[in-house]
Amino acid sequence: MGRAVSVAACALNQWALDFEGNAERILRSISIAKSKGARYRLGPELEICGYGCADHYYESDTLLHSFQVLAKLLESPATQDIICDVGMPLMHRNVRYNCRVIFLNKKILLIRPKMSLANAGNYRELRWFTPWNKARQVEEYLLPRIIQEVTGQDTVPFGDAVLATKDTCLGTEICEELWAPNSPHIEMGLDGVEIFTNSSGSHHVLRKAHTRVDLVNSATAKNGGIYILSNQKGCDGDRLYYDGCAMISINGETVAQGSQFSLDDVEVLVATLDLEDVQSYRAEISSRNLAASKVNPFPRIKVNFALSCSDDLAVPICVPIQWKHHSPEEEICLGPACWLWDYLRRSRQAGFLLPLSGGIDSSATACIVYSMCHQVCLAVKNGNAEVLADARRIVHDETYVPQDPREFCKLVFTTCYMASENSSQDTHWKLIEKLMFWQNKTNNNNKNLHIKLSQPKIGKKRKICMCVQYEHFRYYLSV
């Protein structure tokens, strides 16, 4: 029938304002998606500039450099013959929006602004962006010259619309819109949209992945359809850790699951699914069909391109899988550890210093640093060349290969004993025995203790990085 489609969801470790590095990771993800047969590629929210730019969104340079990266993506041979969906900030009629730019073969198909902004907890999107409040309306967006020269287009559609390819219809959601009570996928599904996409900048909170997975699966369980979710991963310079968990779902069941805690900068999920399964699933839901007969249609952008091929009889279709969740203990162990690694390598420092008292706070922090070292050794063992290069730079040894977490820990982790009036000699020697890192014993009951590290004891001149708060976990690591 020619209705099997291959789509890709990407989880990228993007850095705020690292335009060159972000572009490289985007292009790498597109190349991987194409090599796996995907005809549509979805990336995380604001992936071109990085999600955590904060007040740099106010600067015109942020918009300029985002367009420069977009021009590079449009010109790249890697982006040909695949629909690419990337995120960046845009200014339309002097209003700044958080947008998805969807393009194919050097032509921009649609710019879709975010309609529901996240503004609770750690999110402050209303500080930098304005939501698009014109439901089912499209305006003309005047492209800057740098893009006009590549695409040959003066204006492109901007607003709340869906894409109609030769074989299906795609609709876009952006992060918070999935969590909103009036999510766009509800009426888009009633209007015949078969593939929903969601680009997210969703940070890790204990057990939040459960809610995210349930929302995606319930979206297609009630209405049928294919749901593709991409998410940012890693620490992009702030106190948050974005935990990936890219996924692809059909008719309420997960068919592809991405990792939640990984040191890989680029992760691409590809699934091949049959659109006939969506049609037959929807046909059996009479209440859905009655509601669909009364829905107001979305503007459709026609695309002369098909996500499926004419002969798909031999194409294997993905089957449902059971989502494998981490336990709460594993999340506490792995999430902060991955955040620490990103903070360490991106701050260009040489290690951590932890004052130990023998209490639960400092002891738990030491365990998390060891967990980080374990993740680094595991990534190197699995062939991650980027982690290996970062580890060698941190320890100032171009031949070093981290294999033993305890050995690596000794190179990047320095501890000292901060005795108080409640500390015993027994506590001191137990800490030395268990941790086995270089220690500087300091006898001082003053809480405002200053520690002087002498050059001969540390060896090479090393900088010690200071780590700050990560969500609900606080690290007592100091200079």
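Buried means under 20% relative accessible area, exposed means over 50%, and partly exposed lies in between, using a 1.4 Å probe and protein chains only. This is a predicted model, in which local features need pLDDT of at least 70, side-chain atom pairs count only at pLDDT 80 or more, and totals for chains, interfaces and linings use all residues. Residues are numbered from 1 along each chain as its sequence is written, and side-chain values use heavy atoms, with hydrogens and water left out.

**Whole chain**

- The protein chain has 479 residues, and 56% of them are buried.
- Its secondary structure comprises 15 helices and 19 strands. Both are DSSP runs numbered from the N terminus: helices are H or I with at least four residues, strands are E with at least two.
- The chain exposes about 20,600 Å², with 52% supplied by carbon and sulfur atoms. Accessible areas come from the Shrake-Rupley method with a 1.4 Å probe, and for residues only the protein chains shown count as cover.
- Contact means heavy atoms within 4.5 Å. Of the contacts in the protein chain with a separation of 6 or more, 73% join residues 24 or more positions apart.

**Ala33**

- Ala33 sits in helix 1, residues 19-35.
- Ala33 has a relative accessible area of 0%, so this residue is buried.
- Leaving aside residues up to four places away in sequence, Ala33 touches Ala8, Ala38, Arg41, Ile82, Val268 and Val270.
- Ala33 and Leu269 are 236 residues apart in sequence, yet their C-alpha atoms are 7.8 Å apart in space.

- Two packed helices are described by the angle between their axes and the distance between the axes.
- Axes are lines fitted to C-alpha atoms, for helices over the stretch in contact, and angles run from 0 to 180 degrees between N-to-C directions.
- Angles under 35 degrees count as roughly parallel, over 145 as roughly antiparallel, 65 to 115 as roughly perpendicular, and the rest as oblique.
- A crossing is left-handed if the near helix is turned anticlockwise from the far one by less than a right angle, and right-handed if clockwise.
- Helix 10 (residues 328-346) and helix 12 have axes that come within 10 Å and cross at roughly 60°. That angle makes helix 10 oblique to helix 12. Their crossing is left-handed.
- On the helix 10 side, Trp341, Leu344 and Arg345 meet Val387, Asp390, Ala391, Arg393 and Ile394 of helix 12.
- Helix 11 (residues 360-381) and helix 12 have axes that come within 8 Å and cross at roughly 130°. Helix 11 is therefore oblique to helix 12. This crossing is left-handed.
- Val376, Ala379 and Val380 of helix 11 meet Val387, Leu388 and Ala391 of helix 12.
- Helix 12 (residues 385-395) and helix 13 (residues 405-412) have axes that come within 10 Å and cross at roughly 45°. These two helices are therefore oblique to each other. The crossing of helix 12 and helix 13 is left-handed.
- Ala391, Ile394 and Val395 of helix 12 meet Phe408, Leu411 and Val412 of helix 13.

**Cysteines**

- A disulfide is a pair of cysteine sulfur atoms within 2.5 Å. By this rule there are zero disulfides.
- Cys333 is in no disulfide, and the nearest cysteine sulfur, that of Cys367, is 8.4 Å away. Cys333 is partly exposed, at 33% relative accessible area.
- Cys409 is buried, at 0% relative accessibility. Its closest cysteine sulfur is in Cys373, and the 3.6 Å between the two sulfurs is too far for a bond.
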